[in-house]
Amino acid sequence: MKRSKKAIAFILIFTVVFQLLAVTASADSSNVVTLGANISEQQKADMYEYFGTTPEKVETIVVNNSDERKYMEGIATDAQIGRKTFSCSYIEPTESGGIQVKTANLTFVTSSMIASTLATSGIENCNVVAAAPIAVSGTGALTGIMMAYETASGKELNEDQKEAAVEELVTTGEIADSVGQEQASALMNDVKQQVIEDDLTDASKIEDAVKDAADKQGVSLTDEQIEKIVALMKTISQYDYDVKALKKTLDNLEGKGEGFFAGIWNSIKGFFGGDSDGGIINDTKDSVLGSDAVVNSTLDDIKDSAEESGLWDKITAFFKGLFGSDDESGSPSDSSTESSQPKSDSTSNDSKKNAVDDNSSDSKSSNNTEESSDSSVPTEDGQAQ
């Protein structure tokens with residue numbers, strides 16, 4: 001009897017979860033791939049394989065240095081912009097779930113930075129894979145992603161918001177050079193959420209929010225850095241954002257996930273050996289880029305948070321208990337206490353190596369590697385400053 005009740009409970013939860021996820025994909029969109037104009041034909045083939053798709057299944061856009069300069073000039077230095085484009089991306093607009101991002105071979109920007117700045121650009125829901133066939137800074141990746149989103153969704157983003165997004169990405173990357181990528185991302189996300197939720201427009205109040213966030217993250221900022229963040233956030237405060245949608249993405253980046261039912265869905269899929277929600281992110285083939293590729297995903301934040309809290313083990317044990325015993329007492333089998341969480345094969349973007357500038361003046365072969373760089377912004381010729 002108890003076993004029957006467990007089975008019924010499982011079916012009910014399963015049904016609810018499927019109803020919640022039924023509208024995930026956007027009906028009026030198509031997936032789009034962007035390719036850096038300066039990658040070779042072989043590298044193009046490699047990127048399609050990495051993305052887990054083919055040219056016949058997606059629309060493809062070629063992004064060149066002129067496209068990047070349209071938004072980056074006046075915000076980034078000429079050395080940061082460079083002269084050539086290697087970053088590529090794969091975009092899937094969705095109806096819910098916030099913004100999820102995976103990066104590979106990008107050393108200056110992380111998945112969290114890209115997801116947060118895409119929210120600033122006005123995007124509310126999508127799955128993104130941003131990568132390159134060789135290690136690059138990734139400073140120009142955001143331009144291609146925004147172009148791809150507009151093509152895939154049929155929606156035009158506000159030009160000023162796109163510029164603000166690029167400015168945010170560059171600013172976060174520069175601050176990361178002194179405080180670390182994780183701390184810089186968390187700081188910027190905290191400030192942005194407070195500015196938008198509390199409708200802060202006064203420079204002095206925004207400055208207080210910046211200092212509070214810095215204290216929370218345990219980092220020290222220079223007066224120049226504080227001034228730069230305040231100016232950026234004052235610009236962002238002008239625009240009308242969906243606070244609920246923005247918070248959804250920022251919660252994802254803090255590892256809070258997608259709420260109770262979506263969390264259960266991730267656990268169910270983990271129990272059966274599948275991948276968590278993330279659409280095209282789950283189709284990538286990391287082996288294509290080699291063992292040295294630096295891979296990072298916002299989905300890892302959710303998994304890590306669940307593991308640290310012990311929630312993952314509790315949920316998977318619960319579902320194992322539904323099937324793990326024929327005992328009338330309803331006691332789960334011994335195996336129900338074991339975690340089914342698959343190990344993540346991603347590594348932190350903080351471990352930067354073999355980086356060349358995303359827009360380097362010299363085209364590099366995928367078989368060649370540069371000398372290891374530190375976290376400083378790469379210069380035009382690919383060497384760290």
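**Close-up views of a predicted model**

**View 1. Helix α5 against helix α6.** α5 passes α6 in a right-handed crossing (right-handed if the near helix is turned clockwise from the far one by less than a right angle, left-handed if anticlockwise). This is a predicted model, in which local features need pLDDT of at least 70 and side-chain atom pairs count only at pLDDT 80 or more, while totals for chains, interfaces and linings use all residues. Residues are numbered from 1 along each chain as its sequence is written, and side-chain values use heavy atoms, with hydrogens and water left out. Helices (H or I, at least four residues) and strands (E, at least two) are DSSP runs, numbered from the N terminus. The axes of α5 and α6 are 11 Å apart, and the packing angle is about 50 degrees; that makes α5 oblique to α6. Axes are lines fitted to C-alpha atoms, for helices over the stretch in contact, and angles run from 0 to 180 degrees between N-to-C directions. Angles under 35 degrees count as roughly parallel, over 145 as roughly antiparallel, 65 to 115 as roughly perpendicular and the rest as oblique. I114, T117, L118 and S121 of α5 make the contact with L142, I145 and M146 of α6 (contact: heavy atoms within 4.5 Å). These residues divide into 5 nonpolar, 2 polar and no charged. Ala, Val, Leu, Ile, Met, Phe, Trp, Tyr, Cys and Pro count as nonpolar, Asp, Glu, Lys and Arg as charged, and the others, Gly among them, as polar.

**View 2. Helix α6 against helix α7.** The axes of α6 (residues 141-153) and α7 (residues 159-179) cross at roughly 150 degrees and come within 10 Å, which makes α6 roughly antiparallel to α7. Their crossing is right-handed. On α6 the contact is made by L142, M146 and E150, and on α7 by K162, A165, V166 and L169. By class, 5 residues of this contact are nonpolar, none is polar and 2 are charged.

**View 3. Helix α5 against helix α11.** α5 and α11 (residues 243-253) have axes that come within 10 Å and cross at roughly 175 degrees. α5 is therefore roughly antiparallel to α11. From α5, S112, A115, S116 and A119 meet L246, T249, L250 and L253 of α11. The contact has 5 nonpolar, 3 polar and no charged residues.

View 4. Strand β1 (residues 32-36) runs parallel to β2, joined by 5 bridges, and V33 stands opposite T60 in β2.

**View 5. Confidence along the protein.** The mean pLDDT is 76, and 64% of the residues reach 70 or more (pLDDT is the predictor's confidence in each residue, from 0 to 100). Confidence is highest in α2, at a mean of 98, and lowest in helix α12 (residues 260-271), at 46. Residues 15-28 have pLDDT below 50, and residues 325-354 stay under 50. Where pLDDT is low, the predicted coordinates should not be read in detail.

Notes:
Two strands pair if DSSP finds at least two bridges between them.
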